[in-house]
Amino acid sequence: MGKMSNGKIERIAVSAVEAEANKPSVYLIPNIPTGDKGISFDGQIDVFVDDSGRTESFVGSVPVQVKGKGVKKFTEGKISYSLNLSHFKNFYKRDGTLLLVVEINEEGKTKIFYKQLLPMELRRIIQEFSWFRKQKTRSVELRPLEETTLYAVCRKFLYEKDFQPKILVENEPLFFNSSFTKYCATSLTFDPSHAETSNIFDHDFTIYGVIDDDMRVPLDQGRIESMSATIEGTFEIDGKKYLFNTRIINKKHENTIVIEEVFEFKINLETKKFTVQFLKFRSLAIQLKVIPFVLSFLSGHTLYFMGKSMSVNNTRTTKNLLKSVKNIYSTFKDLQKVFNLLGIDENKIISETETDPDLYPKFLFLIRALLYNDTKGLKVNPLGDWIINFEIGDQVIVLLYQHKEKKLINLFSEEMQKVKVEIVLNEKDRCPHCIYVMLKKDSLAKGANINHQVIRDSFNQIDPFLNDLSFTHTNLFCLECINAYDISKNSDLLDTAEYIYSKYKWEGSSQSPTFDDAVVTINLCQIRKRKFGSLEPEDIEQLIRLKNYFPYGEYIELHFCVNVLLESKIEAAIAYNKMTPEQQEDFKTLPIIHLYNELLIN
């Protein structure tokens, strides 16, 4: 058969499109002349809602450009077609067009491919031409019309075009994210009800910002790379059922199943091969829950999940992985004993950090030190016992190194509850105290093994306000508890400080309080302020008495604290500015400054 002329190719292509438009139950009227075409357009297809021919049944007109292409064999799947920049600019001026490419084989049979080009995509294409000035043409992807109908293609074109007026497409940067009540995404080609168009990763989507539920602003266009869903998944293996929090991530060529955020199956959809790996540590309880399931799977048992099954081959790699996981499981069983010794909840989330990305070596050290009294590698203080903040991820474990025995113990163990320390200022000024008075805010805020009941019980065994020296250190400890609360928001810290202050014996009266009375009153008020958000009338009355009783010039720091608690922003600021630079610097370490900063913001 001889080569067809361009005119014949054009006529056959237009006839093929007209034949689609003239099918029964298709409400289209094609107006595509041959041999007398407009610039960048071959005509239009008028769209109706029925076959009545009445004016009110008219929906709109779709500008079309039809291209014919001689082929020896029809293309399977999608095709690409190149056009010059001038065509895309003209399409944009007409608010879009429907590009139809018709493949014609040597027998004269045809196959139609389509591409709805709307203003959002056209503007992106034109912008990209300006970025790559040497580029003369741009290819677009067309889908086979056999997966849908020409009528559906035209109706979707007209519907979507209404949401993409050029005034919005060109002025999208004028809108801010805060303008939108929600977002939505639509596709001209995705249709999950048909197998040919059900692969969501194979279609373009337009993202819209929605204002007041009715106005859409086109924001971007692209393809979905992945989809994620979180479910409670039931896995069955070796006759046992496991219920896990499961995250399923679907991609075009790959599916991933993440169990409890600690273990991952990754399945290649093309090769049907899968890989497994442990992810980050979350909590000991989760690890001990997941690992037996993993061991059963790696041992060769068939896994069933969501109607599908999978199993591993007995390879050298699998055997090595099984051996490694067994070692990990043994380590975590030992870690469970350590957690019991330390009183740490197995459900506590411990997160890796940039400075501590691998928790496993830290776990091994704790096991060696606390179960086998092996502190090799620990930098010790040669002068005696001292408290250690053992950092592990975003948590701290507070331990005591006993220099004489050369071992680490839990600072909150039973043997430590009755340990006393002596605070010595000089020969005359000394007092007994509990060991926990030495704890600072970082230990209190981040300590995974902090036991507040033990701390309170230890304060029961002494008089924390025995003399001025003990008062000072007890008060400083309570302030550290309040500071730690501002970091961690753990209300146990406020309860502990409040419990200790409850042991204070008031020395003055409501009309003539001592300075120590004032300190305790102020600190109890800032505890209540944090716990309840406001003060009771009797608290406010006490604070006003303090202002009236203690002279302003002599007790400027006290007046600053009282004004902060009374939420007198101006008076608090004046008092703060009257302090010396040294006083201001000291206040930066005290919890009252946190309330002051909040007062200035509000």
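At what angle do helix 16 (residues 556-565) and helix 17 (residues 569-578) pack, and how many Å apart are their axes? In this predicted model, the angle is about 155° and the axes lie 8 Å apart. An angle over 145 degrees counts as roughly antiparallel, so helix 16 and helix 17 are roughly antiparallel to each other. Helix 16 passes helix 17 in a left-handed crossing.

Now for the residues that touch. Helix 16 brings Ile556, Phe560, Asn563 and Val564 to the contact, and helix 17 answers with Glu571, Ala572, Ala575, Tyr576 and Lys578. Sorted by class, that contact of helix 16 with helix 17 has six nonpolar residues, one polar residue and two charged residues.

There's another pair to look at: helix 14 (residues 515-532) and helix 19 (residues 592-601), which pack at about 50° with axes 11 Å apart. Helix 14 and helix 19 are therefore oblique to each other. Helix 14 also makes a left-handed crossing as it passes helix 19.

Which residues meet in the contact of helix 14 with helix 19? On helix 14 they are Gln526, Lys529 and Arg530, and on helix 19 they are Ile592, His594 and Leu595. By class, you'll find two nonpolar, two polar and two charged residues there.

Here are the two pairs side by side:

| Helix pair | Packing angle | Axes apart |
|---|---|---|
| Helix 16 and helix 17 | about 155° | 8 Å |
| Helix 14 and helix 19 | about 50° | 11 Å |

Conventions
Residues numbered from 1 in each chain as written. Predicted model: local features only at pLDDT ≥ 70, side-chain atom pairs only at ≥ 80, totals over all residues. Heavy atoms only, no water. Axes fitted to C-alpha atoms, helices over the stretch in contact; angles between N-to-C directions. Helix = DSSP H or I, 4+ residues; strand = E, 2+ residues; numbered from the N terminus. Parallel < 35°, antiparallel > 145°, perpendicular 65-115°, else oblique. Left-handed = near helix turned anticlockwise from the far one by under 90°. Contact = heavy atoms within 4.5 Å. Nonpolar A, V, L, I, M, F, W, Y, C, P; charged D, E, K, R; others polar.
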